[in-house]
Amino acid sequence: MTGVGVLGGCTYIDNVTINLDHTWVGDIAIFLIAPNGTFIELSSGNGGAANNYTNTVFSDSAPLNIVDGFPPYTGDFQPEGRQNTTILNPYPNTNPPGTFTFANSFNGINADGDWTLFLNDFVGADLGVLIDWSIT
């Protein structure tokens, strides 16, 4: 991204949308990483043996946290937001869902630069393809 500037006030992350074709989604973690290295957990270890994130929109204003949804995850969900690091694997659930939001994770950082969608399949034998993703 370019020309956005510092996030906060009227400038903020509205949503992240993903389309991910993946078997056994309970084995994957999805994080958004800002240009300065700040992380937010969108989803990790959710959905068990079911498949896919299809037109999944992560937004702070969504009515339901992703942990309360069911695959294929279609529609609007709040980010899981239990952690803001990708170091731990398979990602503990020590904080309650929604502890970290787009607003409190990215407020005050410069949005200009490369944003990364980090995907981690932390158990082997399953296959997946990231079809597309966007950030608004």
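Analyst: A strand is a DSSP run of E of at least two residues, numbered from the N terminus. In this predicted model, Asn55 lies in strand S4.

User: Why is Asn55 called partly exposed?

Analyst: Buried requires under 20% relative accessible area and exposed over 50%. The value for Asn55 is 45%, in between these limits, so Asn55 counts as partly exposed.

User: What makes the phi of Asn55 worth noting?

Analyst: Most residues other than glycine have a negative phi. Asn55 is not a glycine, yet its phi is positive, near 50 degrees. Asn52, in the loop between S3 and S4, likewise has a positive phi, about 80 degrees, without being a glycine.

User: Which peptide bond is cis, and where is Pro72 placed?

Analyst: The bond joining Pro71 and Pro72 is cis, with omega about -5 degrees. Pro72 sits in the loop between S4 and S5. As a rule, most peptide bonds are trans.

User: Why is His22 called buried?

Analyst: The cut-off is under 20% relative accessible area. His22, at 6%, falls under it and therefore counts as buried. This residue belongs to strand S1, residues 16–22.

User: What makes up the largest nonpolar core?

Analyst: The core has 24 residues, and among those with the most contacts inside it are Ile30, Leu32, Tyr53 and Trp115. S1, S2 (28–33), S3 (39–44), S4 (53–58), S5 (73–77) and helix H1 (102–106) each supply at least two of its residues. In soluble globular proteins, nonpolar side chains tend to be buried together. Ile30 touches Ile18, Leu42, Tyr53 and Leu119, among others, when residues up to four places away in sequence are not counted.

User: How much space lies in the largest pocket, and which residues are closest to its centre?

Analyst: The largest pocket holds about 150 Å³ of space. Of its 13 lining residues, Tyr12, Ile13, Asp60, Phe102 and Ala103 are the closest to its centre. By class, the lining comprises 6 nonpolar, 5 polar and 2 charged residues.

Methods. Residues numbered from 1 in each chain as written. Predicted model: local features only at pLDDT ≥ 70, side-chain atom pairs only at ≥ 80, totals over all residues. Heavy atoms only, no water. Helix = DSSP H or I, 4+ residues; strand = E, 2+ residues; numbered from the N terminus. Buried < 20%, exposed > 50% of the residue type's maximum accessible area, 1.4 Å probe, protein only. 1 Å grid on protein atoms, 1.4 Å probe; cavity = no way out; pocket = protein on both sides within 12 Å on 5 of 7 lines; lining within 4 Å. Points joined across faces, edges and corners; volume = space filled by probe spheres on them. Nonpolar A, V, L, I, M, F, W, Y, C, P; charged D, E, K, R; others polar. Core = buried A, V, L, I, M, F, W, Y, C linked by side-chain atoms within 4.5 Å. Contact = heavy atoms within 4.5 Å.
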